[in-house]
Amino acid sequence: MVQSDATTVEEYLAEQPADRRATLESVRAVILDHLPPGFVEGMQYGMIGYFIPLERYPDTYNGQALGVAALANQKRYLSLYLMGIYSDDDASWFRERWNESGKRLDMGKSCVRFRKLDDVALDVVGEAIARTSVDDFIAQYERSRGI
(Lines give C-alpha, C1' and ligand atoms only; values in the text may rest on other atoms or scores of the structure.)
Protein backbone atom coordinates (compact mmCIF):
# COMPACT_ATOMS: atom_id res chain seq x y z
CA MET A 1 0.00 0.00 0.00
CA VAL A 2 1.30 3.45 -0.88
CA GLN A 3 1.27 5.76 2.13
CA SER A 4 1.81 9.49 2.29
CA ASP A 5 3.54 11.59 4.94
CA ALA A 6 1.12 14.47 4.28
CA THR A 7 -0.41 15.88 7.45
CA THR A 8 -3.43 17.52 5.80
CA VAL A 9 -5.87 16.49 3.09
CA GLU A 10 -4.81 19.51 1.05
CA GLU A 11 -1.14 18.41 1.19
CA TYR A 12 -2.13 14.87 0.23
CA LEU A 13 -4.10 16.05 -2.79
CA ALA A 14 -1.36 18.47 -3.86
CA GLU A 15 1.22 15.66 -4.06
CA GLN A 16 -0.94 13.54 -6.41
CA PRO A 17 -0.61 13.52 -10.22
CA ALA A 18 -3.17 15.88 -11.79
CA ASP A 19 -5.39 13.16 -13.29
CA ARG A 20 -5.59 11.18 -10.08
CA ARG A 21 -6.02 14.32 -7.99
CA ALA A 22 -9.08 15.28 -10.04
CA THR A 23 -10.59 11.81 -9.53
CA LEU A 24 -9.82 11.84 -5.79
CA GLU A 25 -11.36 15.30 -5.46
CA SER A 26 -14.56 14.19 -7.22
CA VAL A 27 -15.00 11.10 -5.04
CA ARG A 28 -14.08 13.17 -1.96
CA ALA A 29 -16.83 15.69 -2.81
CA VAL A 30 -19.43 12.89 -2.90
CA ILE A 31 -18.20 11.55 0.42
CA LEU A 32 -18.30 14.98 2.06
CA ASP A 33 -21.77 15.68 0.65
CA HIS A 34 -23.10 12.47 2.23
CA LEU A 35 -20.99 12.17 5.38
CA PRO A 36 -23.29 11.94 8.41
CA PRO A 37 -22.83 14.41 11.28
CA GLY A 38 -20.20 13.40 13.80
CA PHE A 39 -17.67 11.98 11.32
CA VAL A 40 -14.71 14.17 10.37
CA GLU A 41 -12.25 14.19 7.49
CA GLY A 42 -8.50 14.10 8.06
CA MET A 43 -5.35 12.15 7.38
CA GLN A 44 -5.31 8.65 8.81
CA TYR A 45 -2.87 5.84 8.01
CA GLY A 46 -1.29 7.90 5.21
CA MET A 47 -4.54 8.43 3.30
CA ILE A 48 -7.65 10.60 3.46
CA GLY A 49 -9.79 9.23 6.24
CA TYR A 50 -13.33 9.76 7.49
CA PHE A 51 -13.61 8.85 11.14
CA ILE A 52 -15.16 9.36 14.55
CA PRO A 53 -12.92 11.71 16.55
CA LEU A 54 -11.34 10.22 19.66
CA GLU A 55 -13.09 12.92 21.70
CA ARG A 56 -16.38 11.26 20.76
CA TYR A 57 -15.26 7.64 21.10
CA PRO A 58 -11.81 7.13 22.70
CA ASP A 59 -12.08 3.46 23.68
CA THR A 60 -10.73 1.81 20.54
CA TYR A 61 -8.60 -1.34 20.57
CA ASN A 62 -5.58 0.47 19.09
CA GLY A 63 -6.06 4.03 20.33
CA GLN A 64 -6.82 5.26 16.81
CA ALA A 65 -10.05 6.93 15.72
CA LEU A 66 -12.69 4.58 14.25
CA GLY A 67 -12.57 5.01 10.49
CA VAL A 68 -15.72 4.52 8.46
CA ALA A 69 -14.13 5.28 5.07
CA ALA A 70 -10.82 6.19 3.45
CA LEU A 71 -9.65 7.33 0.04
CA ALA A 72 -6.18 6.65 -1.35
CA ASN A 73 -3.97 6.73 -4.40
CA GLN A 74 -2.22 3.38 -4.82
CA LYS A 75 0.46 2.42 -7.29
CA ARG A 76 -1.84 0.96 -9.97
CA TYR A 77 -5.27 2.20 -8.92
CA LEU A 78 -7.25 4.35 -6.51
CA SER A 79 -8.92 2.84 -3.46
CA LEU A 80 -12.06 3.64 -1.55
CA TYR A 81 -12.26 1.79 1.74
CA LEU A 82 -15.80 1.43 3.06
CA MET A 83 -15.59 -0.01 6.54
CA GLY A 84 -19.31 0.64 7.01
CA ILE A 85 -19.93 -1.88 4.23
CA TYR A 86 -17.43 -4.36 5.67
CA SER A 87 -19.10 -4.29 9.07
CA ASP A 88 -22.64 -4.30 7.65
CA ASP A 89 -24.46 -7.54 8.42
CA ASP A 90 -25.89 -7.62 4.91
CA ALA A 91 -23.87 -5.61 2.42
CA SER A 92 -25.38 -7.37 -0.60
CA TRP A 93 -27.39 -4.22 -1.31
CA PHE A 94 -24.11 -2.46 -2.17
CA ARG A 95 -23.06 -5.01 -4.79
CA GLU A 96 -26.57 -5.12 -6.24
CA ARG A 97 -26.83 -1.33 -6.52
CA TRP A 98 -23.34 -1.09 -8.04
CA ASN A 99 -24.17 -3.78 -10.60
CA GLU A 100 -27.39 -1.93 -11.48
CA SER A 101 -25.24 1.10 -12.36
CA GLY A 102 -23.66 -0.86 -15.22
CA LYS A 103 -20.16 -0.27 -13.88
CA ARG A 104 -17.77 -3.12 -13.09
CA LEU A 105 -17.18 -3.58 -9.37
CA ASP A 106 -13.61 -4.46 -8.35
CA MET A 107 -13.96 -4.99 -4.61
CA GLY A 108 -12.34 -6.86 -1.74
CA LYS A 109 -13.92 -7.02 1.72
CA SER A 110 -14.09 -3.24 2.12
CA CYS A 111 -11.87 -1.88 -0.65
CA VAL A 112 -13.34 -0.65 -3.92
CA ARG A 113 -10.57 -0.32 -6.51
CA PHE A 114 -10.87 1.93 -9.55
CA ARG A 115 -8.63 3.61 -12.11
CA LYS A 116 -10.76 6.55 -13.26
CA LEU A 117 -13.85 8.45 -12.21
CA ASP A 118 -16.00 6.77 -14.87
CA ASP A 119 -15.38 3.46 -13.07
CA VAL A 120 -17.16 4.68 -9.91
CA ALA A 121 -20.90 4.49 -9.20
CA LEU A 122 -20.89 7.80 -7.34
CA ASP A 123 -24.55 7.59 -6.31
CA VAL A 124 -23.91 4.20 -4.70
CA VAL A 125 -20.83 5.57 -2.91
CA GLY A 126 -22.93 8.46 -1.59
CA GLU A 127 -25.62 6.05 -0.42
CA ALA A 128 -23.05 3.83 1.32
CA ILE A 129 -21.54 6.79 3.15
CA ALA A 130 -24.93 8.21 4.17
CA ARG A 131 -26.22 4.86 5.50
CA THR A 132 -23.91 4.65 8.49
CA SER A 133 -24.47 7.05 11.38
CA VAL A 134 -21.87 7.54 14.10
CA ASP A 135 -24.08 5.76 16.64
CA ASP A 136 -24.68 2.82 14.30
CA PHE A 137 -20.97 2.53 13.50
CA ILE A 138 -20.04 2.55 17.19
CA ALA A 139 -22.67 -0.13 17.84
CA GLN A 140 -21.26 -2.26 14.98
CA TYR A 141 -17.75 -1.81 16.38
CA GLU A 142 -18.82 -2.76 19.90
CA ARG A 143 -20.66 -5.86 18.65
CA SER A 144 -17.55 -6.93 16.74
CA ARG A 145 -15.41 -6.51 19.86
CA GLY A 146 -17.91 -8.21 22.17
CA ILE A 147 -18.39 -5.05 24.19
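Predicted model: local features only at pLDDT ≥ 70, side-chain atom pairs only at ≥ 80, totals over all residues.

Student: How many cavities of 30 Å³ or more turn up?

Tutor: One, from a search of the whole structure. On a 1 Å grid over the protein atoms alone, a cavity is a set of points where a 1.4 Å probe fits but cannot get out; a pocket is an open set with protein on both sides within 12 Å along at least five of seven lines; lining residues have an atom within 4 Å of a point. Points join across faces, edges and corners, and a volume is the space filled by probe spheres set on them.

Student: Which residues line the largest cavity?

Tutor: Among them are Leu35, Phe39, Val68, Ile85 and Thr132. Eight lining residues are nonpolar, two polar and none charged. Here Ala, Val, Leu, Ile, Met, Phe, Trp, Tyr, Cys and Pro count as nonpolar, Asp, Glu, Lys and Arg as charged, and the others, Gly among them, as polar.

Student: Now the largest pocket. What's the volume?

Tutor: About 520 Å³. It has 22 lining residues, and Tyr61, Leu66, Gly67, Met83 and Phe137 are the closest to its centre.

Student: Which element gives the most to that lining?

Tutor: Helix 6, with five residues. By class, the pocket lining has 11 nonpolar, 10 polar and one charged.

Student: Switching to packing. At what angle do helix 4 and helix 5 cross?

Tutor: Roughly 160 degrees, with axes within 9 Å. Axes are lines fitted to C-alpha atoms, for helices over the stretch in contact, and angles run from 0 to 180 degrees between N-to-C directions. The two helices are therefore roughly antiparallel, a label for angles over 145 degrees.

Student: Who makes the contact?

Tutor: Trp93, Phe94, Arg97 and Trp98 of helix 4 meet Asp123, Val124, Val125, Glu127 and Ala128 of helix 5. Contact means heavy atoms within 4.5 Å. Six of these residues are nonpolar, none polar and three charged.

Student: And how do helix 2 and helix 5 cross?

Tutor: At roughly 35 degrees, with axes within 8 Å. Contacts include Val27 and Ile31 of helix 2 and Val125 and Ile129 of helix 5. That contact has seven nonpolar, two polar and no charged residues.

Methods. Residues numbered from 1 in each chain as written. Heavy atoms only, no water. Helix = DSSP H or I, 4+ residues; strand = E, 2+ residues; numbered from the N terminus. Parallel < 35°, antiparallel > 145°, perpendicular 65-115°, else oblique.
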